[in-house]
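Biologist: Can you put the model up and walk me through it?
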Amino acid sequence: MALNYGELTYVAASRFKDVENLFFFKGDIASTGIKEGVIDFTVCDQVIMHTEIPEKTFEHLSSITSFKGEFACYVYSKKALPRELVDDYFRKATHDISAEKMWELSEQLTILGKNLSDLKVSFTCPNIPLLGIKGGDYDIQRFIYWNFLKCFWKEDWGFDLSKSTNFDWYAPSNAKRFSKDEFLSMANDNKLIVAFLHEEEACYSARFSKQ
Ligand SMILES: C[S@@+](CC[C@H](N)C(=O)[O-])C[C@H]1O[C@@H](n2cnc3c(N)ncnc32)[C@H](O)[C@@H]1O
């Protein structure tokens with residue numbers, strides 16, 4: 001049976017009920033109600049981009065982190081321009097699309113990803129900096145995926161998990177992407193120091209410390 005995240009809060013709380021000082025709360029991370037400067041380690045993994053104003057949420061989460069404490073955060077990265085334009089356009093449209101239609105779209109994108117991947121075609125793309133397309137050797141499915149349209153397919157995850165991954169990307173109306181500079185400036189604006197930075201094609205994540 002599939003559980004939603006709300007139910008998962010109760011499942012987690014019951015599994016760890018023997019740990020005395022561990023508590024699970026369900027709420028809006030943009031406004032937790034937690035006092036300023038009391039949390040030694042704040043983690044926000046893959047959620048901040050889905051809030052209405054991620055910069056405000058970032059400010060709130062860094063404000064509840066204690067002096068000398070750490071705030072770990074993950075954001076989606078900005079991709080090539082054509083992919084960003086499609087994603088931005090589509091996010092607005094998702095307000096008016098039913099869940100059923102979103103699942104249909106996710107299925108179509110998964111089939112597209114699988115069919116492209118099955119071609120097993122690789123080619124070399126030149127650098128196209130004005131469109132943010134990085135040159136190099138690409139598999140055709142990965143090329144379309146990174147630069148034009150999220151048509152996720154991963155053979156060893158299978159069809160349903162690949163489909164859920166496509167759904168998970170296109171369904172939320174809010175899913176802001178950040179450049180590295182934008183991510184680091186949010187930290188700077190909140191007087192946080194970078195203790196560790198991880199970057200990859202899809203995301204940036206960091207542990208920031210509060211000095
Ligand atoms: C991509 S999932 C990440 C979930 C989990 N952190 C993980 O890494 O597997 C995004 C989650 O953010 C939650 N979410 C979106 N907006 C939120 C908000 N304002 N407050 C709390 N959770 C939120 C969604 O319900 C969803 O479960």
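Predicted model: local features only at pLDDT ≥ 70, side-chain atom pairs only at ≥ 80, totals over all residues.

Biologist: How many helices and strands does the protein have?
Modeller: The protein has 7 helices and 7 strands. Helices (H or I, at least four residues) and strands (E, at least two) are DSSP runs, numbered from the N terminus.

Biologist: And what is the order of the elements from the N terminus on?
Modeller: They run α-β-α-β-α-α-β-β-α-α-β-α-β-β.

Biologist: New topic: at what angle do α2 and α7 pack?
Modeller: About 40°, with the axes of α2 (residues 54-64) and α7 (residues 180-189) 10 Å apart. Axes are lines fitted to C-alpha atoms over the stretch in contact, and angles run from 0 to 180 degrees between N-to-C directions.

Biologist: Why are they called oblique?
Modeller: Angles under 35 degrees count as roughly parallel, over 145 as roughly antiparallel, 65 to 115 as roughly perpendicular and the rest as oblique, so α2 and α7 are oblique to each other.

Biologist: Where is L22?
Modeller: L22 is in the loop between α1 (5-15) and β1 (39-44).

Biologist: What is its relative accessible area?
Modeller: For L22 the value is 36%, so L22 is partly exposed (buried is under 20%, exposed over 50%, partly exposed in between, with a 1.4 Å probe and protein chains only).

Note on methods. Residues numbered from 1 in each chain as written. Heavy atoms only, no water.
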